[in-house]
Amino acid sequence: MRRLGAERYSKSMWKFGDSVAFIADREASGQPWQRTDQTQTVELVSPPPRAVEVLGIEPGSQVYARARIVKQEGRPTHTLTSYYRPQDVEGTPLVDATPGPAGRGGGFAVLTLQGLEPHEITETFHARMPTPDEMSTLELPAGEPVMILERITRTKDGYAVEYATGVHAASRFSWTYTYDMPE
């Protein structure tokens, strides 16, 4: 599957259309998708240290963790867990565990309606060998590495509205990034 870079987060897709990032990737790859290709659990948790740092919250605070498993034709391709401050998402579709995106336009549209429009995303990738749980969840063969994604989503004024981590089956993706070169 071709995983788009900045294009997968295009505001025109989620503000004025139905698309979310995993759907954009599928469409760019000429592959079908169904709402049930993404399942999730949502719960209040003690966040990992990096989420505490990025979200600027007190250690010991609770955050919402929205943990997704994304499948293609029934086969898991990746997981993605987003962490949010309760005051930013309480009572929104982001805390609803119904399969599929968090409504029309997904989580970014929800954040925009909360007055927290995403403006900047930082993504960092690295490769490693999977844990036994990741091998099981992603149905990986022995010896296949995973790509780890860290995503930080910020508003125009730099307020971090989401910290996310994902685990991708390395053999099931290619990553493509296109952007203007800085001066």
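The side chains of Arg154 and Glu120 meet in a salt bridge of 3.0 Å, N to O, a salt bridge being a side-chain nitrogen of Lys or Arg within 4 Å of a carboxyl oxygen of Asp or Glu. This pair links distant parts of the chain, with Arg154 in strand E6 and Glu120 in strand E5 (residues 120–128), 34 residues apart. The model is predicted: local features need pLDDT of at least 70, side-chain atom pairs count only at pLDDT 80 or more, and totals for chains, interfaces and linings use all residues. Residues are numbered from 1 along each chain as its sequence is written, and side-chain values use heavy atoms, with hydrogens and water left out.

**Surroundings of Arg154**

- Arg154 lies in strand E6, which covers residues 146–154; strands (E, at least two residues) are DSSP runs numbered from the N terminus.
- The side chain of Arg154 also makes a polar contact with the side chain of Thr122 at 3.0 Å (a pair of N or O atoms within 3.5 Å; within protein, one must be able to donate a hydrogen and the other to accept it, and residues adjacent in sequence count only if both atoms are side-chain atoms).
- Not counting residues up to four places away in sequence, Arg154 touches Glu117, Pro118, His119, Glu120, Thr122, Tyr159, Ala160 and Val161, where contact means heavy atoms within 4.5 Å.
- Glu120 counts as partly exposed at 38% relative accessibility (buried means under 20% relative accessible area, exposed over 50%, partly exposed in between, with a 1.4 Å probe and protein chains only).

**Other salt bridges**

- Six salt bridges are found in a search of the whole structure.
- Asp88 forms a salt bridge with Arg85, their closest N and O atoms lying 3.0 Å apart; Asp88 is buried at 6% relative accessibility, and Arg85 is buried at 6%.
- Glu134 and Arg128 meet through their side chains in a salt bridge of 2.7 Å, N to O; Glu134 is buried, with a relative accessible area of 15%, whereas Arg128 is partly exposed at 30%.

**Sheet**

- Six strands form an open sheet in the order E2-E3-E4-E7-E6-E5, with antiparallel pairing; two strands pair if DSSP finds at least two bridges between them.
- Strand E2 (38–45) and E5 are the edge strands, each pairing on one side only.
- Strand E6 is joined by nine bridges to strand E7 (residues 160–169), and the two run antiparallel.
- Leu149 stands opposite Gly166 in E7.

How values were computed
Helix = DSSP H or I, 4+ residues; strand = E, 2+ residues; numbered from the N terminus.
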